[in-house]
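Please consider the sequence and the model shown below.

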Amino acid sequence: MEFERLKSLAISDSGFIFDPASGHSYTTNGTGVSIITALKSGANPGDIAPLIMEEYQVSPDDAERDVADFLDGLRKLMLI
Amino acid sequence: MQLTIAVSGINAIDNPGPGTGIVRALRESALAAEVDLRIIGLAYDSMEPGIYMHDIIDKSYLMPYPSAGRDSFLNRIAHIHERENLSVIISALDAELPLYIDVKDMLRERFGIRMLIPDRTMFQLRDKTRLKELAERIGIKVPEYTVCGSYGDFTAAVESIGCPCMVKGPFYEAFKAYSPAEADEHFHKIVNKWGYPVIVQSFIKGDEYNVIGCGDGKGADFGLFAMRKMTVTNLGKVWNAVSIDNKPVLEAARSMVEHLHWSGGFELETMVDAKGDIYLIEVNPRFPAWVYMAAAAGINLPERMVRLLTDRVFEKHSNYSSGKLMIRFTGEMLRDIADFEKIATVGEL
């Protein structure tokens, strides 16, 4: 997975995301902010579910599913 | 010191000309603090809003239509110059540009009026009918298109390209047609208004990214600014836009300036599809109507152009922030009928 495009995104705490190359903007929730922030700081996708589990007190299955779904969304938007 | 600049395209209507944006950019520039800036509006119709915008345009004159010929055009400029002592003319309308190209040297020699505009070769190389050649040279794609000189050509082109397609006039106006019948309707509308050729272009689904810039005529630009159209009017004119930092699109603009040795303001219009491929839609040979957006974001091209033409130091950078939003709005003003009477009868206000 390529994360170069993701690294150029501007993301605010409110979940507002701006892509300076395309001018598109998106909104996400707190979990999305945590996932993108982790990816931008160089975390591997496989390392993110435990972070989500701990931060949001969810089961490992839920965390893994949420991360997978979110990555799928980013892929569809061609952000990764 | 007074510096008098004439600006055309002050028709700030639903299909806006760039003139009032150029004037606002000049009024808000650092140059305005250095000199006593006098702005003259050059209009073709008594109802062009810029004529009545006395807060930014000091005086306006009606011009003869370019179709009236070179002599009549030159005589009018001579008359205006005699009264106003023009230093610079910024032409902002495609239809008048060929005439200015013809008289540019004469204006400089006879009156000392300077202009930064393309020459005839550059003007022709960016013509809508020659986009394929230009796109290849600057390394981007071009939608399939056919230049039609007759109704027969047109129906054949629509059949071959298929719908939806874009139907475009030689200078202005472009309509999306979802069916041959709709294309037909647009064809007649364009021919009646602008004549031939009519261009049929395949429709590219994607985002419209446009670049404004200014070339020095020697292969270098002195400022580029890119934006994505967020919303457009029914006429396809931008209503909201956001500044972007899209390196391939900016590079295409830089390459165009280098390849054509472009002189003057321009707008590079592109479409970027879902795969990220860039398609050249057209090159407008003057500043676009959204010129103020770039100026407000720090790339004040009208100011830089005037500084260049009047031998002043000017910036050449393209450093601006992405994520700056342009919000166009409507507005009204109230003027006395005497103003209309004056411009309609005397030709100046």
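In this predicted model, strand β1 (residues 2-8) of chain B pairs with strand β2 (residues 36-43) of chain B in the parallel sense, over 7 bridges. One point of this pairing can be located by residue: B:Gln2 has B:Asp36 in β2(B) as its bridge partner. In general, the strands of a sheet pair through backbone hydrogen bonds, in either a parallel or an antiparallel manner. Here the two strands belong to an open sheet of 4 strands in chain B, with parallel pairing and the order β3-β2-β1-β4. Its edges are formed by β3 (59-62) and β4 of chain B, each of which pairs on one side only. From one strand to the next, the twist averages 25°. Helix α3 (residues 70-84) of chain B lies across β1, β2, β3 and β4 of that chain, and runs at about 160° to β3(B).

The nonpolar interior may be considered next. Nonpolar side chains tend to be buried together in soluble globular proteins. The largest nonpolar core has 74 residues, and B:Ile5, B:Ile90, B:Phe225, B:Met256, B:Leu268 and B:Phe287 have the most contacts inside it. Helix α9 (residues 247-260) of chain B supplies the largest share of this core, 7 residues. A second, separate core comprises 25 residues, among them B:Tyr61, B:Ile77, B:Leu93 and B:Met115. As for B:Ile90, its contacts beyond four places in sequence include B:Ile5, B:Ala6, B:Val7 and B:Ser8, as well as B:Phe287, B:Met305 and B:Val306.

The loop between β4 (88-90) and α4 (97-111) of chain B holds B:Ser91. Is B:Ser91 buried or exposed? Its relative accessible area is 9%, under the 20% limit, and B:Ser91 is therefore buried. The side chain of B:Ser91 makes a polar contact of 2.7 Å with the side chain of B:Glu96. Apart from residues up to four places away in sequence, B:Ser91 touches B:Ser8, B:Glu96, B:Leu97, B:Tyr100, B:Met115 and B:Arg286. Of these, B:Met115 is included in the second core.

The cysteines remain. How many disulfides does the structure hold over all chains? The count is 0. For B:Cys148, the closest cysteine sulfur is that of B:Cys165, at 9.5 Å; because a disulfide requires sulfur atoms within 2.5 Å, this is too far for a bond. B:Cys148 counts as buried because its relative accessibility is 0%. B:Cys214, at 0% relative accessibility, likewise counts as buried.

Definitions and conventions:
Residues numbered from 1 in each chain as written. Chains lettered and ligands numbered in written order. Predicted model: local features only at pLDDT ≥ 70, side-chain atom pairs only at ≥ 80, totals over all residues. Heavy atoms only, no water. Buried < 20%, exposed > 50% of the residue type's maximum accessible area, 1.4 Å probe, protein only. Polar contact = N/O pair within 3.5 Å; in protein donor to acceptor, adjacent residues only side chain to side chain. Contact = heavy atoms within 4.5 Å. Core = buried A, V, L, I, M, F, W, Y, C linked by side-chain atoms within 4.5 Å. Pairing = 2+ DSSP bridges. Axes fitted to C-alpha atoms, helices over the stretch in contact; angles between N-to-C directions.
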